[in-house]
Each structure stands twice: as structure tokens, then as C-alpha cells.
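Thank you for sending this entry; my comments follow as numbered points. They begin with a term used for the sheet and go on to the core and the chain as a whole.

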Amino acid sequence: MSASPAVVALRPAPTNNLEAFWMPFTANRQFKQAPRLLAGARDMHYVTTDGREILDATSGLWCVNAGHCRPKIVEAIQAQAAELDFAPTFQFGHPKPFELASRLAAMAPTGLDHVFFVNSGSEAVDTALKIALAYHRARGEGQRFRFVGRERGYHGVGFGGVSVGGMVANRKTFGPGLPGVDHLRHTHDLSRNSFTRGLPEHGAELADDLERLVALHGAETIAAVIVEPVAGSTGVLPPPKGYLERLRAICDRHGLLLIFDEVITGYGRLGSAFAADRLGVTPDIMTTAKGVTNGTIPMGAVFASSDIYEAFMQGPENMIELFHGYTYSGHPIACAAALATLDVYQEEGLFERAAALETRWADAIHGLKGLPHVIDIRTIGLVAGVELEPMEGKPTARAFQSMVKAYEDGMMLRVTGDIIAMSPPLIVSEAQIDEIAERLARVLKAID
Ligand SMILES: Cc1ncc(COP(=O)(O)O)c(C=O)c1O
């Protein structure tokens with residue numbers, strides 16, 4: 001029998017000792033002993049529950065590209081929630097996702113004219129993989145079931161993304177994932193490319209790994225190749241000069257689709273709308289999320305070429321062409337947030353601003369060379385990776401310490417393995433760039 005409302009109201013409020021929330025990708029026990037709790041945010045800063053300002057050197061989780069709590073985006077979200085809270089996009093529609101898709105297609109690399117909406121980067125990746133399989137099947141090549149990913153790739157946490165990703169922890173914990181997945185070697189080469197600004201000189205030949213995998217498995221069994229144009233979550237690994245061009249050529253030679261995972265690199269991070277623009281290589285499918293709504297409301301957008309879209313539009317007109325979608329695909333509030341976000345990016349010229357600040361950013365961060373523990377620094381766009389010498393017998397401990405220390409000192413950093421990754425909002429000022437470098441220098445001198 002269910003309790004009456006009166007009985008429920010009499011129950012004592014539960015104590016909140018932080019135990020109930022099982023935190024994602026977090027050292028729960030350490031966090032709960034010394035919580036880093038954020039209560040508010042504005043522009044370049046968070047404010048903690050105890051009232052301290054924290055300089056955001058990571059755009060939250062690589063997503064708040066226009067800075068925090070921007071009024072135009074906040075107002076758009078509020079207005080949309082009051083006007084149309086939800087409408088299905090299965091067999092019905094509402095105007096916003098159509099408007100948003102048109103705007104996104106107009107800013108995407110030429111040819112990526114169709115947009116499928118999802119709610120996260122992980123869903124974007126799984127969607128892209130499914131589109132690739134279904135595309136080949138629609139063209140009578142259903143035997144193309146394999147995917148090629150890359151070591152040190154991160155493509156989110158769905159089983160598809162974990163399978164094509166190349167993170168050891170995922171593979172150890174969750175098993176082999178999708179069948180028929182193989183991986184290119186990663187391109188990180190400290191011996192030849194350390195302390196690089198922009199694209200490293202050496203390593204284009206690593207793309208030829210794809211020819212090896214084609215020879216091993218047969219091109220006719222491979223559906224797609226997926227890479228991040230610049231790997232982010234595994235430590236900021238820009239592609240060697242010529243590498244992506246070579247991958248593109250090999251894919252074309254063998255009829256493989258090329259998928260760029262631009263969940264981090266999309267929406268201005270590299271000083272262009274997408275990494276594909278800056279790096280001059282256009283994929284067949286592109287996954288994005290994060291910056292599309294400035295991190296305010298969960299959303300992702302998967303871009304596909306017209307060739308791919310048209311391949312689906314062949315059967316009877318009453319048939320569903322792609323048996324895929326999420327309840328919240330094209331959610332009205334997410335669409336409103338995204339439209340306002342694109343306005344802010346455009347009105348404030350934030351992608352151009354990121355490009356203009358790149359040299360200042362690179363100078364400031366490369367200025368940390370020679371400080372304790374630093375074995376490499378890499379920068380591109382408004383992204384930087386600072387790689388630390390791991391502590392003897394305690395991999396990841398040193399970078400973790402730097403993250404905690406920086407927070408105590410008033411700055412948010414992100415760490416992955418023994419690499420510090422930084423990606424400030426594109427509104428960062430020159431003085432704040434210097435401040436980020438100065439704070440990091442203090443941290444590096446203070447840690448063991
Ligand atoms: C390249 C890439 N793909 C996919 C994802 C997963 O995105 P989400 O955490 O929104 O599922 C991430 C997240 O950082 C990412 O960097």
C-alpha cells in the first residue's frame with residue numbers, strides 16, 4: 001500500500017552526506033572527503049558553495065565555449081520552456097529542429113547537409129556508426145559490418161563508442177564490445193614531436209595502418225573509420241601533418257566512410273567552426289555535441305552527407321527510412337538553447353576570436369617548458385595538453401594532484417592520465433590567458 005501524502009510529509013529529511021550520488025568518471029571516495037562543489041557560474045568563472053571564484057580553464061567539460069550563463073541563451077531556454085516544453089519528433093515535428101538543422105548545415109563543411117539530433121556525444125557516435133552500417137546495407141553492401149577506430153581514441157561510453165575507442169580502461173572493464181572492430185595505431189610520438197605548436201611534423205605515414213587493416217580484413221567488410229581530428233580526452237593529440245589527408249584518400253580508394261568525431265573540436269575550439277574546416281579534410285559523417293548548446297542543455301548533432309541521406313530515401317514513402325532515434329532527439333528546449341548559442345558565437349565572432357588568440361595562448365602555455373615534471377606541451381586552437389612525467393610506480397597521481405591543487409588555488413583544470421588538458425571558453429581575455437599560465441606554473445612548482 002502506498003503511503004498517504006501526510007505520512008510522506010512527516011518523514012524526516014534524509015541527511016545528505018553526498019553518498020547517494022554515484023558520481024560519473026570520479027574518484028568518489030576522494031571527492032566525498034574533500035568535495036569540489038560549484039554553486040554558480042558567470043562568463044569565465046565558477047563560484048563554489050563556499051563563495052570562492054574558480055577560473056574555468058576547461059570550459060566545464062570542453063563544452064561552455066561562449067562562457068557561462070550567457071543571458072541570451074538563458075532567456076531562450078526560459079522562453080522555450082514556457083511555450084512548448086516537449087513535442088515528439090517521431091512522425092510529428094515542431095519548427096525548431098528544422099530551423100536549427102538548416103543553420104547547422106549552412107555552417108558545416110560543404111556537403112554535410114543533413115543533421116540527426118541526439119542528446120550527447122556518446123549517442124552521436126552510436127548514431128554515426130549505425131548510420132554507416134545502414135547506409136551500406138541500403139546500397140546492397142550489408143557485408144560491410146566492421147569498424148576501424150584508433151588507439152587512444154575516445155568516443156564516449158555507449159557500447160559502440162567504447163568498442164571503436166582505444167582507451168585501455170574501457171576495454172579492460174567492459175570487454176570486447178562490438179564484434180569486428182580493429183584499431184589504427186595512435187599518432188602520439190614524444191621522441192619526434194615533443195613541444196609542438198599546431199600539427200606535429202612527423203607521423204603522416206601512420207595513416208597507412210589503414211591499408212594494412214584493409215589488406216587483413218578485406219575492404220568489402222569495412223563500413224567506416226572513425227577518428228577524432230584532434231584527440232582530446234586522451235590527452236590533446238593533434239594529427240601529424242598530412243595524416244588526415246592520407247586517411248581520407250585510403251577511405252576513398254576502398255569505399256569506406258570516414259567519420260570525424262568532433263564532439264570536442266566542433267564549434268570554434270580550433271578557431272574554425274569545425275576541425276574539418278581548419279584541417280582541410282571533409283568526412284562523410286561528423287559527430288558533434290557539447291558546444292552546440294554551450295553545454296546548457298544536453299544535445300548532440302550528427303552531420304551526414306547528401307549521398308548518405310539520399311541512399312536512405314529510396315523505398316516506399318510510408319516506410320521509416322532509418323530505424324533509429326531518441327525520445328529527446330530535437331528537444332524544443334535544446335533546440336532553443338542551440339539557436340541562441342549559434343547567435344552568440346556569430347554575433348561575438350567567437351570562432352575568429354579563438355583563431356586570433358591562438359598565438360598568445362600557445363606562447364603562454366609553451367612558456368611553461370622547463371618547469372618541474374613537464375615532459376611535453378602541445379597546443380592547437382584554444383586547446384593545450386601539458387604532459388607530466390608520471391610518479392614512480394603511481395601513474396596518474398601527479399596530474400591528479402595538480403588538478404586538486406589548482407582547484408584549491410582557484411582554477412579548474414582537467415586531467416587525463418598524467419596529462420593536464422586545458423580548453424578555456426573562447427571569450428577568455430589575454431590577461432586571463434596569462435593568469436591561467438601563471439596559476440599552472442604555481443601548481444607545477446608546488447606538487448610532488
Ligand atoms: C570525442 C568525443 N566523443 C564523444 C564524447 C562523449 O560525449 P558525452 O560525454 O556527451 O556522451 C566525448 C566526450 O568528451 C568526446 O570527447
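1. Two strands are taken to pair if DSSP finds at least two bridges between them, and strands themselves are DSSP runs of E with at least two residues, numbered from the N terminus. On that basis, in what is a predicted model, Asp-376 stands opposite Glu-387 in β12. Strand β12 covers residues 383-388 and runs antiparallel to β11, to which six bridges join it.

2. These two strands belong to an open sheet of four strands, whose order is β11-β12-β15-β14 and whose pairing is antiparallel. The edge positions are taken by β11 (374-380) and β14 (414-416), each of which pairs on one side only. From one strand to the next, the twist averages 20°. In general, the strands of a sheet pair through backbone hydrogen bonds, in either a parallel or an antiparallel manner.

3. Which helices lie across this sheet, and at what angles do they run? Helix α15 (residues 350-366) lies across β11 and β12, and its direction is at about 175° to β11. Helix α16 (residues 397-409) lies across β12, β14 and β15 (419-422), and runs at about 175° to β14.

4. The largest nonpolar core holds 122 residues, and within it Val-225 and Ile-285 touch the most other members. Helix α14 (residues 332-347) contributes the largest share of this core, namely ten residues. Because domain 1 (20-69 + 349-446) and domain 2 (74-347) both give residues to the core, it lies between them.

5. The surroundings of Ile-285 can be listed in detail: leaving aside residues up to four places away in sequence, it touches Ala-128, Ile-131, Ala-132, Leu-257, Ile-259, Val-302, Phe-303, Ala-304 and Ile-308.

6. As for the chain as a whole, the protein chain has 17 helices and 15 strands. Its radius of gyration is 22 Å, close to the 22 Å that the globule rule gives for 448 residues, so the chain is as compact as a globular protein of that length. Taken along the principal axes, the C-alpha atoms fill a box of roughly 70 × 60 × 50 Å.

7. Two further values complete the description. Of the 448 residues of the protein chain, 47% count as buried. Among contacts between residues at least 6 apart in sequence, 72% join residues at least 24 apart.

Note on methods:
Residues are numbered from 1 along each chain as its sequence is written. This is a predicted model: local features need pLDDT of at least 70, side-chain atom pairs count only at pLDDT 80 or more; totals for chains, interfaces and linings use all residues. A nonpolar core is a set of buried Ala, Val, Leu, Ile, Met, Phe, Trp, Tyr and Cys residues joined through C-beta atoms within 7 Å. A residue is buried if 20 or more other C-beta atoms lie within 10 Å of its own, exposed if 12 or fewer, and partly exposed in between; C-beta atoms are placed from the backbone. Domain bounds come from an automatic or database domain assignment. Two residues are in contact if their C-beta atoms, placed from the backbone, lie within 7 Å. Axes are lines fitted to C-alpha atoms, for helices over the stretch in contact, and angles run from 0 to 180 degrees between N-to-C directions. The radius of gyration is taken over C-alpha atoms; the globule rule is 2.2 Å times the number of residues to the power 0.38.
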